[in-house]
Each structure stands twice: as structure tokens, then as C-alpha cells.
Amino acid sequence: MPRDDPSNHRIHCRCGASWMGPVRAHCAARPDCHRTFDDIELFDAHRRDGRCADPATLGLIGTGGVWRRAS
């Protein structure tokens, strides 16, 4: 099933972000992060030593409000 399939419910965060798909991961660890990742592995990669790393420095591409692997 595609991750953005409309049959998946929309998930919302108190920061105002929303995304489709149950496998996405949204970071609410800090007040200024609130980034959404395509999967839990990318979320884990951005949390280094208890801190949020800028996804762009990890080679990720932000599209449609979701950080993804570069193809």
C-alpha cells in the first residue's frame, strides 16, 4: 500500500503539521524541530546523541513536508 494512500488516516501534531501514512515518523523532541520523516530509520538517523540533526546535512530531501531519502 502506498504511504500516501488516501485510505490511510491523516495524522496531526500540535505544531500544525499533518501527514498521511502510519509508517511516517514526526519529531516533537524539541520545540523547534517538528520535522516529519518518511520512516522510523530516517527519524532515528536525525536523532544523534539525544539531539536533532538538520535532515539536509544527512543528505535527505524535503518534499511535501516529509524528509525522504534522495533517489
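These exercises work through salt bridges, a hairpin and a nonpolar core in a predicted model.

**Exercise 1. Find how many salt bridges the whole structure holds, and work out which of them involve Asp38.**

Step 1: count. The search of the whole structure gives three salt bridges.

Step 2: take the pair with Arg24. Asp38 and Arg24 form a salt bridge, with their closest N and O atoms 2.9 Å apart. Asp38 lies in the loop between strand S4 (36-37) and helix H1 (40-46), while Arg24 is in the loop between S2 and S3, so the pair ties together parts 14 residues apart in sequence. Both residues are buried.

Step 3: take the pair with Arg68. The side chains of Arg68 and Asp38 form a salt bridge at 3.8 Å, N to O. This pair links distant parts of the chain, 30 residues apart: Arg68 is in strand S8 (residues 66-69), and Asp38 is in the loop between S4 and H1.

Step 4: test the distance. A salt bridge needs the nitrogen within 4 Å of the carboxyl oxygen. The Arg68–Asp38 pair, at 3.8 Å, is listed as a salt bridge.

Step 5: Asp38 has 11% relative accessibility, so it counts as buried. Arg68 has 25%, so it counts as partly exposed.

Step 6: join the pairs. Arg24, Asp38 and Arg68 are linked in a network of salt bridges.

**Exercise 2. Describe the salt bridge of Asp39.**

Step 1: name the partner. Asp39 forms a salt bridge with Arg69, and their closest N and O atoms are 2.6 Å apart.

Step 2: Asp39 is in the loop between S4 and H1 and Arg69 is in strand S8, a link between distant parts of the chain, 30 residues apart.

Step 3: Asp39 is buried because its relative accessible area is 7%. Arg69 is at 44%, so it counts as partly exposed.

**Exercise 3. Characterise the pairing of S7 and S8.**

Step 1: direction and bridges. Strand S7 (residues 60-63) runs antiparallel to S8, and four bridges join them.

Step 2: Gly62 stands opposite Trp67 in S8.

Step 3: the turn. S7 and S8 form a hairpin with two residues between them. Gly64, in the turn, has a positive phi of about 60°.

**Exercise 4. List the largest nonpolar core and classify the aromatic pair.**

Step 1: the members. The largest nonpolar core has eight residues: Ala25, Cys27, Cys33, Phe37, Leu42, Phe43, Cys52 and Leu60.

Step 2: contacts of Cys33. Setting aside neighbours within four places in sequence, Cys33 is in contact with Cys27, His46 and Cys52.

Step 3: the rings. The whole structure holds one aromatic pair. The ring centres of Phe37 and Phe43 are 6.2 Å apart and the planes are at 75°, so the pair is edge-to-face.

Step 4: burial. Phe37 is at 0% relative accessibility, so it counts as buried. Phe43 is at 18%, so it counts as buried too.

Note on methods:
Residues numbered from 1 in each chain as written. Predicted model: local features only at pLDDT ≥ 70, side-chain atom pairs only at ≥ 80, totals over all residues. Heavy atoms only, no water. Buried < 20%, exposed > 50% of the residue type's maximum accessible area, 1.4 Å probe, protein only. Pairing = 2+ DSSP bridges. Core = buried A, V, L, I, M, F, W, Y, C linked by side-chain atoms within 4.5 Å. Contact = heavy atoms within 4.5 Å. Phe/Tyr/Trp six-rings, centres within 6.5 Å; stacked < 30°, edge-to-face > 60°.
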